[in-house]
Amino acid sequence: MDKKKIIWEAHLRGLHDGSINFWMGMLDDVLEDTTQGLKILEYGALNSKFLEFLEIACEVKEGLGIVMPVDDKQNHDTWSSGRTRNLVFASESNVQPTHAFDIGFSQEVFSLIADIPAHARYIWDMLSPTGVYYSAFGWHAENPYTIKQQLLRSQKGQPFHLYSLDEIVQEFHAQGFEIGVKRLTLPYFLIYDPQVTIARYGKIEDMINCQQDHKILFSFRKWDKSHD
């Protein structure tokens, strides 16, 4: 992948600076140069931005964005229109398990989910027999900066469910997944915003420590044997 070219194209299209780094990191860590012929799932799609970014980086045969209830009503006009004929966006309640998707992605969805076992089962049922789900997670119990994020969510009236890394791993393993874990590689600059940076982290050093030390990428891969 030509990371610089992809990142600059994403900027030109107006995709959010603060997310580009994490999106590029996920793709660079797990994908080859193309996803041609693959069916891609994004769980927690917000404004269809990640799938649009994915189409900049790779050719996508088919992409489905599952919109979470927390984003459903607020962003309906944006995500329901889609971006290209290959991308479709829908609420989770309107999508039945298909066992069809080769790769799934999500970014910071676990703290928005009250029932992790149910989520793990849903993802299992959405993936093909050899499918894999990659999920980035930074706001976990081991991250000392999570308490600030939890407070910000509370002030906005948004949900926040606190989980440890071990809790996430145990629940997905119980559903039948083979699990890999690593720190998420950040290929681009962390973006400073005077309001967001101070409220979410405190100092620049705290932002760097939070994102470089505590941003985790999970690999949840289906085993050969079908899960009962």
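This is a predicted model: local features need pLDDT of at least 70, side-chain atom pairs count only at pLDDT 80 or more; totals for chains, interfaces and linings use all residues.
A residue counts as buried when its relative accessible area is under 20%.

Strand β3 pairs with β2 in the parallel sense, and the pairing runs over 5 bridges.

## The nonpolar cores

The largest nonpolar core is made up of 32 residues. Met26, Leu27, Phe53, Leu54 and Phe105 have the most contacts inside this core. Two or more residues come from each of these elements: the helices α1, α2 (17-30) and α3 (49-57), and the strands β2 (60-67), β3 (87-91), β4 (101-107) and β5 (127-137).

Which residues does Phe105 contact, leaving aside its neighbours within four places in sequence? The list is Met26, Leu27, Val30, Leu31, Ile40, Leu41, Glu42, Tyr43, Phe50, Tyr133 and Tyr134.

## Lys3 in helix α1

Lys3 belongs to helix α1, which covers residues 3-12. Is Lys3 buried or partly exposed? The relative accessible area of Lys3 is 32%, so this residue is partly exposed.

Not counting residues up to four places away in sequence, Lys3 touches Met24, Asp28 and Pro187. Asp28 is 25 residues from Lys3 along the chain, and the C-alpha atoms of the two residues are separated by 7.9 Å.

Notes. Residues are numbered from 1 along each chain as its sequence is written. Side-chain values use heavy atoms; hydrogens and water are left out. Helices (H or I, at least four residues) and strands (E, at least two) are DSSP runs, numbered from the N terminus. Buried means under 20% relative accessible area, exposed over 50%, partly exposed in between (1.4 Å probe, protein chains only). Contact means heavy atoms within 4.5 Å. A nonpolar core is a set of buried Ala, Val, Leu, Ile, Met, Phe, Trp, Tyr and Cys residues joined through side-chain atoms within 4.5 Å. Two strands pair if DSSP finds at least two bridges between them.
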